[in-house]
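Look at the sequence and the structure first.

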Amino acid sequence: MVLRTQICLRLARNLSRKPSDAQNFPVRNFSSTLGRNEINKILPTAAEAIQDMKSGITLLAGGFGLCGVPDTLINQVHCTPSITGLTAVSNNAGVDGAGLGLLLASKQIKRMIASYVGENKTLEKMYLSGELEMELTPQGTLAERCRAGGAGIPAFYTPAAFGTVVQTGDLPLRHNPDGTVAQYSQPRDVKVFDGKSYIMEESIKGDYAFVKAWKADKLGNCQFRFAAANFNGAMGRNAKTTIVEAENIVEVGEIDPAAVHLPGIYVKRVIQSTAKKNIEKYTFAKEEGADMAALGRGDTASKRERIVKRAAKEFHNGMYANLGIGMPMLAPSFVDPSVEVQLQSENGILGLGPYPKKGEEDADLINAGKETVTLLPGASCFGSDESFGMIRAGRIELTMLGAMQVSARGDLANWMLPGKIKGFGGAMDLVSNPSKTRVVVTMEHTDKKGRPKILKQCEFPLTGRACVSRVITELCVFDVDFTNGLTLIELADGVTVDEVRAKTEALFTVADDVQPML
């Protein structure tokens, strides 16, 4: 009993002391019934929040496109030119004039680790001229590298990107001023588990993390809103110093304990968000049939409409599916009303709804193509790390993607054209488990110059090996066997087998009972 009393008295003395600077969180003096100092991580300005931030550190930034981006904090770094030489980790690199695009233009970032950078011309120019080092990473791998770093896991194995330039170490990290490659990535270790190949990825360790929250309290507890969760949770759990900018700073207890998405134990500082929320792609619901305008005009529209209508037959009642941008996103418009499909978007939505009516758009509700969307009743939202856990584990039964090229054995190339810097996005993860997730490709049979897109071997860098199970074009439908190759199973009206052979480089067999492509 005496020993217990001594321990309690010692704990009480320790709790009454002011924390040292090394503990790295502010304490404000507030009156309380106990007469002690209270934890209060709220700071008055972004400038004070980053005042000890040094050059050369690794900065993790939440956000997906322009959704959930901690712009107040990024803007403050931009206004602090003494902070340079940053390694920035984020799904995107912002756009010209916004987000991390500001720090690229001011040359405060020297190295970028990202998944998709296609909207930033400044980055592309700096990367190709040798001013910036860049490590492209599959989106799900990036989320898991950040999550693992925060969970104390130094490395992990993933099926995503096996058989691609990521695994072989052929991804350019840095260029010379003349555009030649100065440094390539490192090859990944490969191991086989249960007969399937996986590559090893090392976790990312952050010095600072900038996080955007919807609500935060003085203890640092945070709640995210809809798709703005994206990478914010994984980033916020990772860094030595996590700084949150919140739209609403609320009283302790106002956030329901079950609604705390980022517990305060991970957060060092909180500030009020003052930056305007941006929307990258305003996309609105159209009158019935007007969505077909997205397919183009004339003969092009006719071809694509045929593909989309056929693709709609791939959906079955109760299915969970993920759709790529472009034609795949239009396929649900032709699904029979009796068929209910749950659409997943890899930025953290399950139960994706249609585009909103004009005036009803929400900056926190976007799809993987950064378009404004809605939620269906019963929808759920979550972080990108959980989203890709669903994907890699094969919980998604169907993924429908566009393609630049498909090989006779089902290899897919859809992330890079020569001379164009875009990034992987989520495609490498989406095709990483073909034994559980059917991969259906929708594409025009030939490119704009009339050259075949279904080849003996893909010429462009691969997204995945032996992953495509069906190809739908305006001419026909192929089934793909990863060992035996292509089989023609359906023909469009007026199309002959000879025409398909003339426009297909890869060899294929013809099914005994070829069906009409309806």
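The backbone oxygen of tyrosine 116 lies 3.2 Å from a polar atom of the side chain of asparagine 92. This is a predicted model: local features need pLDDT of at least 70, side-chain atom pairs count only at pLDDT 80 or more, and totals for chains, interfaces and linings use all residues. Residues are numbered from 1 along each chain as its sequence is written, and side-chain values use heavy atoms, leaving out hydrogens and water.

**Asparagine 92**
- Asparagine 92 sits in the loop between β4 (86-89) and α4 (100-105).
- Helices (H or I, at least four residues) and strands (E, at least two) are DSSP runs, numbered from the N terminus.
- Asparagine 92 is buried, at a relative accessible area of 6%.
- Buried means under 20% relative accessible area, exposed over 50%, and partly exposed in between (1.4 Å probe, protein chains only).
- The backbone nitrogen of glycine 65 lies 2.6 Å from a polar atom of the asparagine 92 side chain.
- Asparagine 92 touches (heavy atoms within 4.5 Å) Phe64, Gly65, Leu100, Met112, Tyr116 and Lys370, not counting residues up to four places away in sequence.

**Cavities**
- A cavity is a set of points on a 1 Å grid over the protein atoms alone, where a 1.4 Å probe fits but cannot get out; lining residues have an atom within 4 Å of a point.
- Grid points are joined across faces, edges and corners, and a volume is the space filled by probe spheres set on the points.
- The whole structure holds 5 cavities of 30 Å³ or more.
- The largest cavity has a volume of about 90 Å³.
- Strand β12 (residues 208-216) gives the largest share of its lining, 3 residues.

Terms used
Polar contact = N/O pair within 3.5 Å; in protein donor to acceptor, adjacent residues only side chain to side chain. 1 Å grid on protein atoms, 1.4 Å probe; cavity = no way out; pocket = protein on both sides within 12 Å on 5 of 7 lines; lining within 4 Å.
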